[in-house]
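User: I am new to this structure and would like to learn how to read it. Could you take me through some of its features?

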Amino acid sequence: MSASESRLLFERPALCFSWFTGQLNQIRPKLSELVPACHLAGFSGKVYHKSFAGNHLTFIETVSNTMKTDELREKYLSFYESKGHARRPSDVLVPTWDPSVLFTPAGMNQFKDHFLGRVKLDFTRATTCQKCLRTGDIDNVGRTAYHHTFFEMMGNFSFGDYFKTEAIHWAWEFLTDKKWLGLNPEQLSVTVYKDDKEAADIWYDEVGVPTSRIEYLDEDENYWPASAPSQGPDGVCGPCSEIYYHPEGSEKVEIWNLVFTQFNRVGDPPNNLSPLPSKNIDTGMGLERTAATLQGVDTNYHIDILRPIVEAAGEICGRNYVPDSDDGRRLRRITDHVRACTFSIHENVYPGANKEKYIIRRLLRRAVLDGHQMGLREPFLYQLVGNVADQMKSAYPELQETIERVSGVIKTEEGHFLGTIDDGLARTSKIFSEMESKNRTIVSGKEAADLYQTYGFPPELFEQVASEKGLTFNWAEYQKEMELFGEKSGSEQSVLFQDGPVEKLKNTLRSTDFVGYEESDISCTIKGIVSRDEQGESSLTDSYNKTGEDNPLIIALDQTPFYGESGGQVGDSGQINGEGFRFVVTDVKKDSDLFLHHGYLAEGAISNGAKATATVGNGRRSGICRAHSATHILHYALQKNVGSHAQQQGSKVEDDLLRFDFTNLEPVSPEQLAAIQTDIDQQVSSAAEVKWETIPLAEAREKGAMMLFGEKYPDPVRMVSMGEFSRELCGGTHLTNTGDVGQFEIVSEEGISAGVRRIIAVTGVKAQEYRTKTTESLRAIADALGVTPAQTPAAVKQLTTFVRDLKKAISGSGKKPEAMGKIDATTSDASEKETLKQVAKILNVQAFDTPDRVSALQQEVIKLQAELEKQSTASAVSTDDLLAQATEIGGVKTIVTEVPGANANLLRQLIDQLRKSAAPCAVMLLAASDDGKVTLIAGVSKDVIEKGLKAGDWVREPAKTLGGSGGGRPDMAQAGGKDVSKLGEAIEQAKSIAQTALGG
């Protein structure tokens, strides 16, 4: 290879990377000549740089004898499989069903219910490689060697199975055994929690790690959650032990964290840690970080699955990748962010304004900014989606299927931001110049808020640009300015908030006076009308005359008695009537302080400025009030019977229906639920006064009002009191007496996320309907089974077992069951509701679906018994009977016949027996079922295959004749058909095929 050829190779590093491995020995002398600094004999896997003829050359020494990332992932999972762990797939990146997180942050998240004992354990040990996304250290991405937003976390988990001894020994074995990673034990050290003598002794006495390589750290470093014993939160926690690798000539790197969840924290120290009855293991090993260790590179971004993306980004951006340069840091950040966004958008999380969608928008815009700072003015990130999919295809082949869609989404978002970024950056430059002239070092929140509102320039990017110039960012002031922004008046705000007709109403009206605590029927004035045209576009209008539910409207009033949905309580419904019109209110929403009345015009025509009467539908309002007041009583009862930690995490209050989410690590026991029900009934019967008052926040706190962690309260606040037992800060509508709740029934209690339970309950009329339906359902089941209501669980269990045994008998895996016997007399203290729940659990259906399910099972018994009886007739057919029908073709006993009533298992058994006793033979047996379907099974002995008749081929054409298909192995095959009327024709066809093939 000439020097010019070598130089070309170096100038195209992405090409070099894929080509270099096979050519290493051939080009070694030339490389030594061109880049003497490269020590080729060592295969260290490091990255070298050298200037050559004015160009910056990047050389990747491909290491053929180091472990690839995909190999590491597989080795980890295989190792723990060998230790009895169930290999589980990665959970989704965006767990939409888990309200506690936006993205999956760790491997243990999919096992929350397993750790908390909420589910039946199909396994007690598991191992995964989980795709994760975190943004807590986003500003370090690209700057440090190991930070990512998206990463993969390898982990092994124990749910009450093994504990510290096994976890530590196995970790050490995987790291040091040459069969696995084969790391030098002398280059490993560990840390333990300062009071965890058990873990320290295992490391020293059993594993043999010297005391010089065991470090004892405090709870802020070696506890999960960090500082849990002293600072909380309450709940499951435990010490951890971290494993570090010490590369030669570099700083140590944490590669594994072993968490020992063994305590339940309750309250403040001392003596606030109680041992858990079931101790768990939760470990995490970063895939990228460990791969970097094994591959001998000094940053995760240089491992085999990430370096090609970095290089590809450099080529797209027109930059050689120089790790220590500003552009090098930008290319690494682009690599990380585009990988995170590719995975997220693949899971249908598109860039947007809220929650996880905003995170994706933020990541994309950070990457676009990096490209912009390298001179790019057109979308470019989308071109990297294919690279990401290619590098990750071993573990995530599904990415290949959405490359086009994901690329399109990213390209669109890039285009939107590139349309405003220049103006935004120009403004930041002006701000920085003014700051420099005034010797300021802190970017004001007002400047950032103005930039965001005017140019859509995210404050996080403003902070990023500022930090690159050594400036700090005032986040507290920014948040304050954003809150004030919506309260300003004037033309400036109208321009900045032109997002639709509702925003214009907000700009004009500001707020609606709510008088619904005292009144339900008031005089008012129409202040705004929002209509929708045939294309679905909304706009403000002065008047409207289209009637009917197909023509939705939004009405704004000067004052309203209608409660707008907030605080978990749904909006009111009712009517707004005026001269010449009647408007039906179906729902009411709040947008800031503006109440929006959704509904439709039932009669006449409505116009702005019209006088009207607003009337709340008192029937529904009363049901909502019952449910809301009952929610406060439920909260009180939970605190009393479950514990003070059982605080509200969310609620939904509707017409005589409530949903209440609360903190609790485990299911509420039946005994606790019974006690809660009793306490609620007592407080309802007490007919305690319900009253509310608006008082200073400090006074409410002094009076003992319940305040929820994480909630932000106004000052002054509205405090709702019920007798002497409940005081809560609440803006909802309530009864004036607890006795008006009437009846209260808990419908269900279930887990919805880690540490959060949910109770659904009904009140008033719906509670009475629930009790009546419970009684009727239980009696219907008892009557159908001929037992008493108390005997229904046992009778249903017997019925389901009988159905199962009948199916086993039919399939040939069990004997014919005895008839169902009489249920023993049963006495039980369980309520009708609890008894019906037991039945529902046995049947795995909703409580009120149980009668239909029992009826269906009884019908199934009749059908199965008839099928079994028919099958018993078919089983009387013997191999001798079949041999008597055999025809010899070319020296082969050939049998093609119907076996009425037989199932597939019986047909196979007969064929197997014939192949053993009558070889050489060729057998095809057919059986028709009551539903008109036909089963065909063919089997031939080995010597028949050699003669040219294969079972898979033989069965195929008769199956087509019967309107079906099938196939299989040469010696045994199965097919199915749907046209039983052609059974005779299929039999003759099969005989003809055998005749032709065997040459008889």
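**A loop residue to begin with**

Analyst: Let's begin with Asn271, which sits in the loop between strand 10 (253-265) and strand 11 (273-286). Helices (H or I, at least four residues) and strands (E, at least two) are DSSP runs, numbered from the N terminus. Asn271 is not a glycine, yet its phi is positive, about 55°. The model is predicted, so local features need pLDDT of at least 70 and side-chain atom pairs count only at pLDDT 80 or more, while totals for chains, interfaces and linings use all residues. Residues are numbered from 1 along each chain as its sequence is written, and side-chain values use heavy atoms, leaving out hydrogens and water.

User: Is Asn271 buried or exposed?

Analyst: Buried means under 20% relative accessible area, exposed over 50%, and partly exposed in between (1.4 Å probe, protein chains only). With a relative accessible area of 78%, Asn271 is exposed. Asn439 also has a positive phi, near 60°, and is a residue other than glycine. Asn439 lies in the loop between helix 13 and strand 12 (442-443), and its relative accessible area of 70% makes it exposed.

User: How many helices and strands are there in the protein chain?

Analyst: The protein chain has 30 helices and 37 strands. Of its 1000 residues, 49% count as buried.

User: How do I read the packing of two helices?

Analyst: Two packed helices are described by the angle between their axes and the distance between the axes. Axes are lines fitted to C-alpha atoms, for helices over the stretch in contact, and angles run from 0 to 180 degrees between N-to-C directions. Here, helix 11 (residues 355-373) packs against helix 13 (residues 403-437) at an angle of about 60°, with the axes 10 Å apart. That makes helix 11 oblique to helix 13; angles under 35 degrees count as roughly parallel, over 145 as roughly antiparallel, 65 to 115 as roughly perpendicular and the rest as oblique.

User: Which residues of helix 11 and helix 13 make the contact?

Analyst: Contact means heavy atoms within 4.5 Å. Helix 11 contributes Arg361, Leu364, Arg365, Val368, Leu369 and His372, and the residues from helix 13 include Ile410, Phe417 and Leu425. The residues of this contact of helix 11 with helix 13 divide into eight nonpolar, one polar and five charged. In this grouping, Ala, Val, Leu, Ile, Met, Phe, Trp, Tyr, Cys and Pro count as nonpolar, Asp, Glu, Lys and Arg as charged, and the others, Gly among them, as polar.

User: Could you show me another helix pair?

Analyst: The axes of helix 22 (residues 764-785) and helix 23 (residues 792-811) come within 10 Å and cross at roughly 55°. Helix 22 and helix 23 are therefore oblique to each other. Their contact is made by Leu778, Ile781, Ala782 and Leu785 of helix 22 with Thr792, Ala795, Val796 and Leu799 of helix 23. The residues of the contact of helix 22 with helix 23 divide into seven nonpolar, one polar and no charged.

User: What does Val896 touch?

Analyst: Val896 lies in strand 33 (residues 892-898) and counts as buried at 9% relative accessibility. Leaving out residues up to four places away in sequence, Val896 touches Met924, Leu926, Trp954, Ile987, Ala990 and Lys991.

User: Where is the place of Pro233?

Analyst: Pro233 is in the loop between helix 7 (228-231) and strand 9 (235-245). The peptide bond from Gly232 to Pro233 is cis, with omega near 10°.
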